[in-house]
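Please keep the sequence and the structure in view while reading.

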Amino acid sequence: FRSHNGAALLAYLAYHLGRPNSREVLAELLWPWAPPGSGSTNLRIELAALRRQLEPPGVAPGSVLCATRSHIELAHEAISTDVKDFEHALAEADRAQTETERVALVRRALALYKGPLLPGHYHDWVVAEQDRLAELHFQAADWLVRALGEAGDTSGATHLARRAVAAD
């Protein structure tokens, strides 16, 4: 990335996939202390750098990064994120018809969780989402530890409990 904020821009757009994001809000979010107009200029520069990375020659312009004069978003059909997959697996687990299906879906969700969201980024939205996702992970792990224990898999429950505590 051209800069730390360039990475943060991509992360924010990917995290808010399929949602148009106001250029003004993005500039304020990423450059809150910049003089008037500088945040917008910085955003344009980072956006151009991202476009070169995400839409190199041979990739149709606008097929990944969709930008208008007022909004920016990533094309949801072009992007996949582990966070969305994690949340989707947990949502599917909540709708599971059987305990076996729910256990498998929670295991899949837990396998997708690789630790704190965007380590090294300290924007307010990142910190809040780190906490929210860590709590979802811990709740899912706690449920699975209990389910494994009730099923008699004390070894699996102990291993998972240790992993959950280490992640926490």
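## Residues of helix α3

I45 lies in helix α3, and the model in which it is placed is a predicted one. With a relative accessible area of 36%, I45 counts as partly exposed, because buried residues are those under 20% and exposed ones those over 50%. Although I45 and G6 are separated by 39 residues in sequence, their C-alpha atoms are 9.0 Å apart in space.

E46 also has its place in helix α3, which covers residues 38–54. Is E46 buried or exposed? The relative accessible area of E46 is 4%, so this residue is buried. When the neighbours within four places in sequence are set aside, the residues in contact with E46 are R2, S3, G6, L9 and W31.

The phi angle of L118 is near 45 degrees, which is a positive value in a residue other than glycine. L118 has a relative accessibility of 24% and therefore counts as partly exposed.

The accessibility values of these residues are set side by side here.

| Residue | Relative accessible area | Class |
|---|---|---|
| I45 | 36% | partly exposed |
| E46 | 4% | buried |
| L118 | 24% | partly exposed |

## The sheet and the helix packed on it

Strands of a sheet pair through backbone hydrogen bonds, and this pairing is either parallel or antiparallel. In this model, three strands form an open sheet in the order β1-β3-β2, and their pairing is antiparallel. The edge strands, each of which pairs on one side only, are β1 (21–22) and β2 (65–67). Helix α3 packs on the sheet, where it touches β2 and β3, and the direction of α3 makes about 145 degrees with that of β2. Between β1 and strand β3, the latter made of residues 71–74, the antiparallel pairing runs over two bridges, and N21 stands opposite I72 in β3.

## Helix α2 and its buried face

Helix α2 spans residues 23–30, and its buried residues are R23, L26, A27 and L30. Why can these be said to line one face of the helix? Viewed down the axis of α2, the buried residues fall within an arc of 100 degrees, and so they line one face. The cover over the buried residues of α2 includes α1 (4–15), β1, α3, β2 and β3. At the start of α2, a side-chain oxygen of S22 comes to within 3.2 Å of the backbone nitrogen of E24.

## The chain as a whole

The protein has seven helices and three strands, and from the N terminus on its elements follow one another as α-β-α-α-β-β-α-α-α-α. The radius of gyration of the protein is 19 Å, whereas a compact globule of 168 residues would have one near 15 Å. Taken along the principal axes, the box filled by the C-alpha atoms is roughly 60 × 35 × 25 Å. Of the 168 residues in the protein, 38% are buried. Among the contacts between residues at least 6 apart in sequence, 57% join residues at least 24 apart.

Terms used. Residues numbered from 1 in each chain as written. Predicted model: local features only at pLDDT ≥ 70, side-chain atom pairs only at ≥ 80, totals over all residues. Heavy atoms only, no water. Helix = DSSP H or I, 4+ residues; strand = E, 2+ residues; numbered from the N terminus. Buried < 20%, exposed > 50% of the residue type's maximum accessible area, 1.4 Å probe, protein only. Contact = heavy atoms within 4.5 Å. Pairing = 2+ DSSP bridges. Axes fitted to C-alpha atoms, helices over the stretch in contact; angles between N-to-C directions. Arc of directions from axis to C-beta. Polar contact = N/O pair within 3.5 Å; in protein donor to acceptor, adjacent residues only side chain to side chain. Rg over C-alpha atoms; globule rule 2.2 N^0.38 Å.
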